Amino acid sequence: MIANFGYKDATGEFYIAINTDKCDGCGKCVPVCPSGVLEVRDNEFDPMADEEMAAVTEEQRKKLSFSCSECKAGGSDNLPCVLACPRGAIVHSW
Amino acid sequence: MAKEYWRWKEYNWKDENIDWKEATTISGGVDVGSVSSQAVILCDGELYAYASMRTGSNSPQSAVNVMNWCMDGTGLRLDDLHFTVGTGYGRVNVPFADKSITEIACHARGAHLMYGPTIRTLLDMGGQDCKAISVDERGKVTNFLMNDKCAAGTGRGMEVFADLLSLPIEEIGELSFQVEEEPEPVSSTCVIFAKSEATGLLRKGWAKNKVLAAYSSAMAHRVVALLERIDIQKDFAITGGIAKNVGVVRRIEEELGLTTLKTKYDSQIAGALGAALFGKVLCEKKRAKQAS
């Protein structure tokens, strides 16, 4: 499953997509984020699954364009969360 | 009191041919949305009863009210439900629920039953958000995104327009086609700004139906843009209150070049129905665990 966390507004589209077929819930993306955007929690989109997955916190979901701005300044090829993921499960839409 | 043009009809229904006393598993689903709440009761997986009403300011009370109305005339009491799942915006506020499950999973599961296993793309147009969901042949979510940061393309936006134009919400879908030619969509996506824009158009002498047409196509355009981020496939359906607004539905169909799947079920119960279907499975799992 691809879970798109984020929003679209007049300033653009801001989604962090987590591919649960790749993500195994290892959590390496969590501590590298300076804004605490990511966490590991139950896969709430598949109630029958037992595996955990990386997800955007409810607190950050609607303000990603601000929360991620610090890392974006370093170039979109250098995003710590994307680089930290050993399986390439994280993709930013912007 | 002034007429409330936004006010849609609340309703309940039950299948008189089913005797719940004979059911092994009675499962319930409650979808407490931001604008409306629905309850569904299944007897061994068969749809037995449902109800839909407006969500009040008190979510737990709304959950109780809608379930009570669903059970009205059936003789059922809350204690008779073997397993109940809460979903929707207020899912953690369903006092009698055994579990809460996100509405994205529940809508996918409910739509899978309502529209059949061929459904692949689902657009839920809710009271205050819009969700685009891809589903597999088992009703599992394969891709989703939602927009709940803005009221454009939501049921509440349409309620605001019904009030502004003094036209009953249940009629504005049809009325939006009673125009000589399709106008340009309103340019504002924000409901507040779109309302100001519409007021300006009315002042310019536009007929109400023409303003409605302009707003309905703006709404259609807005949600189609949302759908483009997931892979739209031909077996496509719309759920939620706006699914009952032919003015928006037909404009979405035209923009996508697709026809929406039709169902005998009420389009607003998808979430609660999915919750009740999960409730049945979880109840059986629980029993199996207790027996072993």
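This is a predicted model: local features need pLDDT of at least 70, side-chain atom pairs count only at pLDDT 80 or more; totals for chains, interfaces and linings use all residues.
Modeller: Residues are numbered from 1 along each chain as its sequence is written, chains are lettered from A and ligands numbered from 1 in the order in which they are written, and side-chain values use heavy atoms, with hydrogens and water left out.

Colleague: Thanks! What makes S8(B) mostly covered?

Modeller: Buried means under 20% relative accessible area (exposed is over 50%, partly exposed in between; 1.4 Å probe, protein chains only). Six of the six residues of S8(B), 130-135, are buried, so the strand is called mostly covered.

Colleague: And how do you know that S7(B) and S8(B) pair?

Modeller: Two strands pair if DSSP finds at least two bridges between them. Strands here are DSSP runs of E, at least two residues, and helices are runs of H or I, at least four, numbered from the N terminus. Five bridges join S7(B), residues 121-125, to S8(B), so these antiparallel strands pair. B:Met125 has B:Cys130 as its bridge partner, and a hairpin of four residues joins the two strands.

Colleague: Which strand pairs with S8(B) over six bridges?

Modeller: That is S9(B), in the antiparallel sense. B:Ile133 has B:Phe144 as its bridge partner there. In the hairpin, with five residues between the strands, B:Gly139 takes a positive phi near 85 degrees.

Colleague: Why do you say that S1 of chain A pairs with S9(B)?

Modeller: The two strands share two bridges in the parallel sense, and at least two are needed, so they pair. A:Ile2 has B:Asn143 as its bridge partner.

Colleague: Why is A:Asp9 with B:Lys149 called a salt bridge?

Modeller: The rule asks for a side-chain nitrogen of Lys or Arg within 4 Å of a carboxyl oxygen of Asp or Glu. The closest N and O atoms of A:Asp9 and B:Lys149 are 3.7 Å apart, so the pair qualifies. Across the interface of chain B and chain A the rule finds five salt bridges. S9(B) gives the most to the side of chain B that touches chain A, with seven residues.

Colleague: How many residues are in contact there?

Modeller: With contact meaning heavy atoms within 4.5 Å, 22 residues of chain B are in contact with 19 of chain A.
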